[in-house]
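I opened my notebook to keep a record of what I looked up today. Come along and check each entry against the picture.

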There are 2 protein chains.
Amino acid sequence: MPEDSGKEFTMVTCSAPVNIAVIKYCEYRMFLKTTTTVACSRSFQEDRIWLNGKEEDITQPRLQSCLREIRCLARKRRSDGEADVDTAGLSHKVHICSVNNFPTAAGLASSAAGYACLVYTLSRVMGVEGELSVVSRQGSGSACRSMYGGFVQWIMGQQGDGKDSLSQQVEPETHWPELRVLVLVVSAERKPVGSTSGMQTSVETSILLKHRADSVVPARMKEMIEAVHKRDFTAFAELTMKDSNQFHATCLDTYPPIFYLNDVSRRVINLVHRYNRHYRETKVAYTFDAGPNAVIYTLQQNVEEFVQVVKHFFPPETNGGQFLKGLPVAPTTLSEELKQAIGMEPMVKGICYIISTKAGPGPRVVEDPSEHLLGSDGLPKESA
Amino acid sequence: MPEDSGKEFTMVTCSAPVNIAVIKYCEYRMFLKTTTTVACSRSFQEDRIWLNGKEEDITQPRLQSCLREIRCLARKRRSDGEADVDTAGLSHKVHICSVNNFPTAAGLASSAAGYACLVYTLSRVMGVEGELSVVSRQGSGSACRSMYGGFVQWIMGQQGDGKDSLSQQVEPETHWPELRVLVLVVSAERKPVGSTSGMQTSVETSILLKHRADSVVPARMKEMIEAVHKRDFTAFAELTMKDSNQFHATCLDTYPPIFYLNDVSRRVINLVHRYNRHYRETKVAYTFDAGPNAVIYTLQQNVEEFVQVVKHFFPPETNGGQFLKGLPVAPTTLSEELKQAIGMEPMVKGICYIISTKAGPGPRVVEDPSEHLLGSDGLPKESA
């Protein structure tokens, strides 16, 4: 329920996790998250938004579309005569403040988490419930997939614009606690092509993408859901890697071609395959989204060694900066046998830092009022 | 006819052009070539081979297979009672000496040209004629395609081992004299995966490769042959680029994935698309074989400008070395407008050198005895 700070003020804070694709249309919610506070007051002159400490343009079409849809749902509920609708929010302007607990350079799907969190928070402020993923879909193509925690499946609708696509939870975040994630941030370079226009060009020009969508993805979805249910890491890992490679293959088959992987990404891929080959077991998997950063999946018992392997083959810069962020990982020693089996030339500064994380919950309301990102004046607090 | 240097000596020298794939199963013979001399003498103790000045192991299975097949054909012709067979060669050992007129670092399909030239020369020494491409196929998967000049189509047979695949000329090297080739040698690094084992793994693991082979390649072959017949550069160029990208997409879809393109290759691809976009015309095309080096196709009138563009965006190392090898290309000046339209950051030392060339003839006998690579003692001359 919205918190009333006096008569003219309604404020809600929520957090939502970041998405990582396991395979296309099946995702994993991480502990990395976006937190958003929305305040609503008759004293506000206009809608405003602050992202990671900087005021941004509220008039951008995606934001406007989210605001419009939520207000429309709230209005509908009021006219339907539902009792608990906070009607104040409908005529008032909103202030939105949002921060990520991870560096934006990590190239994670922060816009999806951000829109999911925004829609969820707006819905709480305006007293709207129900199928919100259709609304957050207005913001970012993959935002609807952020409305749950753990493993989430994306179910496509029939409409060409995807407005009727939905998400559904395959397993909650508590299902597979041994599964761990390492994000290897390999480059702070800007993406050469935005992922939305990229996918559009792929749909129009890649012959292989059509075949992949029609003939490969449906079977892989089934296999992946089964691997997750059974906590079968080998099956999970191999499907994840094959699907990541095939996605990037269709990018290359796009005309003109789209490249997200760079030479560092390819070294990470080789490193993972050599590591697994040494153990004659698939202990580690990689996946890459629309950028060069690697997301590594492994089980708890392999995290320490694999982090040490990454440190060995991508020695961190010596002049400061924290190389490992997120959940702590103890240092360990690598056997000479393992280093020789991998046998790659170390590449200094290839990886900027590692974020160590695991499965996280879906969007939720932050109950502690001290965690609001907006102050009682409706403006961002110093720390936000 | 073989030249007899006295009673006990038979020597033949031939040259064969290098292959560049236009699209899969359709290739273009370049002026770059391999030259091979084979000498046959009862005084030789054993079969020996020298490649680019260095003696190599004659016992390697591919070489042995070529020698065995040719000797078998010669024996068959003798037992069929054909008059002009030089029976001497059958019992005698051979000395083979082969050189390329281009740097091996260029990563061109030198093994294909090499085997084609070897088989052609051996056949002349041993007096064998007929369908030699089946024999040279023993040496290298693509060697059979080197038996003609100009544009050559590869017709696959029914046998799983490819032994019945043949090649046929689409157009001779004189058909499209305006068509020019620039080889951009981007890296001297060794290939991470040999192309034979790579293709085998792709066939076994890439779902997209199967779709490509069944549903994409046959139609593209027809379109390409038509584009060559009509000298339609736009159609030729776009098919070439799309097919190169799709080949590399199937490499990425292989498990574990195979990477031939590196960051420099991707920059070349972006450069070509930006250059074409500036002119709103497809004036330049790229293709990449099993390595990072780019092969650029363009028409005569664009060679000077595009070489200058490459020099501008990949400034050569200043400390000597010839940046442009092969056919001469006059320097020119680029407009500021073009440089701005391309708008990439120059990358120093990204490209080692450029080889400028054009269509070449098929394998042929070198008539001038002074061009033999072996001396009258049956050993390589100083210059070879």
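**Entry 1: a loop and its proline**

I began with Pro256(A), which sits in the loop between helix 7 (233–252) and helix 8 (263–279) of chain A. For the names I noted that helices (H or I, at least four residues) and strands (E, at least two) are DSSP runs, numbered from the N terminus. The peptide bond from Tyr255(A) to Pro256(A) is cis, and its omega is near -5°. I then turned to chain B, where Pro256(B) lies in the loop between helix 7 and helix 8. Tyr255(B) and Pro256(B) are also joined by a cis peptide bond, with omega about -5°.

**Entry 2: ground rules**

I wrote down that this is a predicted model, in which local features need pLDDT of at least 70 and side-chain atom pairs count only at pLDDT 80 or more, while totals for chains, interfaces and linings use all residues. Residues are numbered from 1 along each chain as its sequence is written, chains are lettered from A and ligands numbered from 1 in the order in which they are written, and side-chain values use heavy atoms, with hydrogens and water left out.

**Entry 3: two copies**

How are the two copies related? I found that a rotation of 179° with 0.0 Å of shift along its axis superposes chain B on chain A, with an RMSD of 0.1 Å. The two copies are thus related as by a two-fold rotation axis. The superposition is by least squares on the C-alpha atoms of residues with pLDDT of at least 70 in both copies. In chain B, Ala249(B) comes closest to the rotation axis, with its C-alpha at 2.1 Å. I also saw that 100% of the interface residues of chain B are interface residues in chain A too, so the copies meet through the same surface.

**Entry 4: Asn245(B)**

My next stop was Asn245(B), a residue of helix 7 (residues 233–252) of chain B. Is Asn245(B) buried or exposed? Asn245(B) is buried, at a relative accessible area of 1%. Here buried means under 20% relative accessible area, exposed over 50%, and partly exposed in between (1.4 Å probe, protein chains only).

I listed what Asn245(B) touches, leaving out residues up to four places away in sequence: Leu252(A), Thr254(A), Tyr255(A), Pro257(A), Ile269(B) and Tyr286(B). Contact means heavy atoms within 4.5 Å. The side chains of Asn245(B) and Tyr286(B) are joined by a polar contact of 2.9 Å. A polar contact is a pair of N or O atoms within 3.5 Å; within protein, one must be able to donate a hydrogen and the other to accept it, and residues adjacent in sequence count only if both atoms are side-chain atoms.

**Entry 5: helix 8 of chain B**

I counted along helix 8 of chain B: it has 17 residues and spans 25 Å from first C-alpha to last, close to the expected 24 Å. That expectation is 1.5 Å times one less than the number of residues. Asn262(B) caps the N-terminal end, with a side-chain oxygen 2.9 Å from the backbone nitrogen of Val264(B). After helix 8 of chain B comes Arg280(B), with a positive phi near 50°. The buried residues of helix 8 of chain B include Ile269(B), Leu271(B) and Val272(B).

I traced an open sheet of five strands in chain B, in the order 10-11-9-13-12, with mixed pairing. Strand 10 (284–288) and strand 12 (324–326) of chain B stand at the edges with a single partner strand each, so one side of each has no neighbour in the sheet. Two strands pair if DSSP finds at least two bridges between them. Strand 9 (residues 179–185) and strand 11 (residues 294–299) of chain B pair antiparallel over six bridges. Arg180(B) stands opposite Thr298(B) in strand 11 of chain B. Helix 8 of chain B lies across strand 9, strand 10 and strand 11 of chain B, at about 160° to strand 10. Such angles run from 0 to 180 degrees between N-to-C directions, with axes fitted to C-alpha atoms, for helices over the stretch in contact.

Lys349(A), which is not a glycine, has a positive phi near 65°. Lys349(A) is exposed, with a relative accessible area of 52%. Asn52(B), also not a glycine, has a positive phi of about 45°. At 43% relative accessibility, Asn52(B) is partly exposed.
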